[in-house]
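The following paragraphs accompany a predicted model.

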Amino acid sequence: MTTAERRRAPDGFNLVPPPGWDVIPLRTGTKEAMDRIVRKAVAQLPAGFPKDDIPKARLKLTQEMKKVARRASAKGGMTLYLPAERLHGVALPVSIVASEPIEIPRVRPDSGPETVLAALASVTPDAETRELDDTAALRSEREVPADAAQGVDVAHRQVEYFVPVPDSAADQYLTFSFSALIAPGSDPAFYDTLVELFDAVVGTFRWTYA
């Protein structure tokens, strides 16, 4: 990357999802992407799956994706990544959401993203600094218990990366959030593996420049 490129803000980013995953844009083209995923899922149904149950399966999958997409959009999500294929016959209960950049004003004219990351790290349990495409980012991980009063129907493991956009005119930050639903009595090692998968995906992160 040249010095000139580093002096201007990137216009976007690339993130490579795992094989068998699909991407749902949440700004435009959402319905078309969902329809494509549903068609792919229906085509992968077992040969002995009752034909009369296919419309019901299609409707259930569509409703579940719409629910996940609505929640992601409500939290500022701009791109949703979902597994569209089963892994060894198992449907992974996971998702990745890339959120729209948010602006955080500087506390002082001479402060910058380092100050924001340090402040967040001081109040975020188990936070650590990682580097994504030559940019310092903050990673945090936690288990969120089920709490109907807070709108959390199922407990889940959550991992987030908070990434400052380099050289942006106003200090902006991206968030990448991973969520894995925790089934009662499940093996914690299974979720550790899913988290490792997410970390590997985030490791493919690259800024893009026009």
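Arg 139 has a relative accessibility of 4% and therefore counts as buried, since the limit for that class is under 20%. Its side chain meets that of Asp 199 in a salt bridge, with 3.0 Å from N to O. This pair links distant parts of the chain, for Arg 139 belongs to strand E6 and Asp 199 to helix H5 (residues 188-202), 60 residues apart. Asp 199 is buried, as is Arg 139.

Arg 139 also forms a salt bridge with Glu 128, where the closest N and O atoms are 3.7 Å apart. Here strand E6 is linked to strand E5, across 11 residues. Glu 128, at 34% relative accessibility, counts as partly exposed. Glu 128 also stands opposite Arg 139 of E6, and E5 and E6 (residues 135-144) pair in the antiparallel sense over five bridges.

A further salt bridge joins the side chains of Glu 143 and Arg 157 (3.5 Å, N to O). Because Glu 143 lies in strand E6 and Arg 157 in strand E7 (residues 156-164), the pair ties together parts 14 residues apart in sequence. Glu 143 counts as exposed at 51% relative accessibility, whereas Arg 157 counts as buried at 6%. A network of salt bridges links several residues, among them Glu 128, Arg 139, Glu 143, Arg 157 and Asp 199. The whole structure holds 12 salt bridges.

These strands belong to an open sheet of seven, with antiparallel pairing and the order E2-E3-E4-E8-E7-E6-E5. Strands E2 (21-25) and E5 (128-132) stand at the edges with a single partner strand each, so one side of each is left without a neighbour in the sheet. From one strand to the next, the twist averages 25°.

Definitions and conventions: Residues are numbered from 1 along each chain as its sequence is written. This is a predicted model: local features need pLDDT of at least 70, side-chain atom pairs count only at pLDDT 80 or more; totals for chains, interfaces and linings use all residues. Side-chain values use heavy atoms; hydrogens and water are left out. Two strands pair if DSSP finds at least two bridges between them. Helices (H or I, at least four residues) and strands (E, at least two) are DSSP runs, numbered from the N terminus. Axes are lines fitted to C-alpha atoms, for helices over the stretch in contact, and angles run from 0 to 180 degrees between N-to-C directions. A salt bridge is a side-chain nitrogen of Lys or Arg within 4 Å of a carboxyl oxygen of Asp or Glu. Buried means under 20% relative accessible area, exposed over 50%, partly exposed in between (1.4 Å probe, protein chains only).
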